[in-house]
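Subject: Structure handover

Hi,

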Amino acid sequence: MNATVTARAHTNIALVKYWGKADTELMLPQTSSLSLTLDQFYTDTTVTFDDQLTADEVTVNDQLLSSEAAKKVHNFLNLVRQQASRTSFARVTSVNHVPTAAGLASSASAFAALAGAASRAAGMDLDRTALSRLARRGSGSATRSIFGGFVEWEAGHDDLSSRAVPLIEDVTWPIAVVALVLDPHHKKVSSRQGMQSSVTTSPFYPAWKQIVADDLDAIKPAIRAQDFTTLGETLETNAMRMHALTLSARPPFSYFNGDTLTAMQTVKGLRAAGLECYYTLDAGPNLKVFCQTADVSAIQERFARQFGSDNVIVAHPGPGIQFLNKA
Ligand code: DP6
């Protein structure tokens, strides 16, 4: 009997960003990073290894994957097969749960769910630390999506030491993230290409490593003390400094569009009006605005007026990986 296993993993948003690899084969990062797992955006992935198959079969949202994405999944399955001493191919069915066609589906939830489902379907019983190390091999940010709440990915120096550690899994702090869909299309420069270009061509990259160390030192106590101002100022500055590494690369590039800049101004205006909120953004133009739950409806309304209510999605801290069945 071939086991069929389904795993659910949520996406995460980095407060202190991962932007650069030290080892592209083992997917070891240049620095540690820290994120919040979100409740709204998640991936359900089902895997079966089947001797009858002549190749891996991968569908995402009922569509066969494009060859580049399928290759990433195939390489990842090879790693699982190697670790589990299996040879059969796998059937992989993945569904992204994103409230609208929002461009918010992420490789973090995708590879975290795949790591969970594929390893169990192949007969391995990995604990969550080992799962985070396995997920890392698919996509760096997936390392952190194995755990819920606030999570640190410790850079480490080899395959064993580069793993996620939960900081606070059950978040009781009443905070929210207002995600703005400013452009639902695929990014032109993938995070993988973008970070590599920053590492190799930005003269500011050495400074970035120190910035991350300092920001982690500032943000961890702020999270424990529920100090929203320090949290917000640190995450906003960290995001802008990450994006400075794209502007200072050769050739320079940027993930911002016009609406990104407009939304940043709105955040500043909201703050000036006494609604404390802070923005961050990843390798795309969609801003994510951190706020306290008491302020969420006022902030949501402001952005809904500006960008349309369908383009404003409110998320809260979310859980780590879950197994929906176990055969
Ligand atoms: C800007 O995890 O997508 O979101 O490891 O090459 O798959 P790969 O990159 P990915 O990069 C995420 C970059 C980021 C920051 C972050 O999530 O820490």
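Predicted model: local features only at pLDDT ≥ 70, side-chain atom pairs only at ≥ 80, totals over all residues.

Residues are numbered from 1 along each chain as its sequence is written.

Domains

The domain assignment gives domain 1 (4-171) and domain 2 (175-315). Such bounds come from an automatic or database domain assignment. The domain centres, taken over C-alpha atoms, are 23 Å apart. Domain 1 puts 24 residues into the contact, and domain 2 puts in 31 residues. Contact here means that the C-beta atoms of two residues, placed from the backbone, lie within 7 Å. On the domain 1 side, β1 (4-16), β4 (33-50) and β9 (163-168) each supply at least two residues. Helices (H or I, at least four residues) and strands (E, at least two) are DSSP runs, numbered from the N terminus. That side of domain 1 divides into 14 nonpolar, seven polar and three charged residues. For these classes, Ala, Val, Leu, Ile, Met, Phe, Trp, Tyr, Cys and Pro count as nonpolar, Asp, Glu, Lys and Arg as charged, and the others, Gly among them, as polar.

Ligand

Where does the ligand lie? Domain 1 and domain 2 both give residues to the shell around the ligand, so it lies between them. The ligand is surrounded by 14 residues, and the closest are Ala14, Tyr18, Ser139, Gly140 and Ser141. The shell has five nonpolar, six polar and three charged residues.

Sheet

Four strands form an open sheet in the order β11-β12-β10-β13, with antiparallel pairing. β11 (277-280) and β13 (312-315) are the edges; each has a single partner strand, so one side of each lacks a neighbour in the sheet. From one strand to the next, the twist averages 25°. Angles run from 0 to 180 degrees between N-to-C directions, and axes are lines fitted to C-alpha atoms, for helices over the stretch in contact. β11 pairs with β12 (residues 288-292) in the antiparallel sense over four bridges. Strands count as paired if DSSP finds at least two bridges between them. Tyr278 stands opposite Phe290 in β12. Helix α7 (residues 258-272) packs on the sheet and touches β10 (175-180), β11 and β12. The direction of α7 makes about 160° with that of β11. Helix α8 (residues 296-307) lies across β10, β11, β12 and β13, at about 5° to β10.

Helix pairs

The axes of α1 (residues 67-84) and α2 come within 10 Å and cross at roughly 40°. Val73, Phe76, Leu77 and Val80 of α1 make the contact with Phe111, Leu114, Ala118 and Ser119 of α2. By class, that is seven nonpolar, one polar and no charged residues.

α2 (residues 107-121) and α3 (residues 128-136) have axes that come within 9 Å and cross at roughly 120°. Phe111, Ala112, Ala115, Gly116 and Ser119 in α2 meet Leu131, Leu134 and Ala135 in α3. This contact has six nonpolar, two polar and no charged residues.

Backbone details

The peptide bond from Arg250 to Pro251 is cis, with omega near 0°. Pro251 lies in the loop between α6 (228-247) and α7. Asn61 has a positive phi, near 50°, in a residue other than glycine. Asn61 sits in the loop between β5 (57-60) and β6 (63-64).

Best wishes

Technical notes: Near = placed C-beta within 6 Å.
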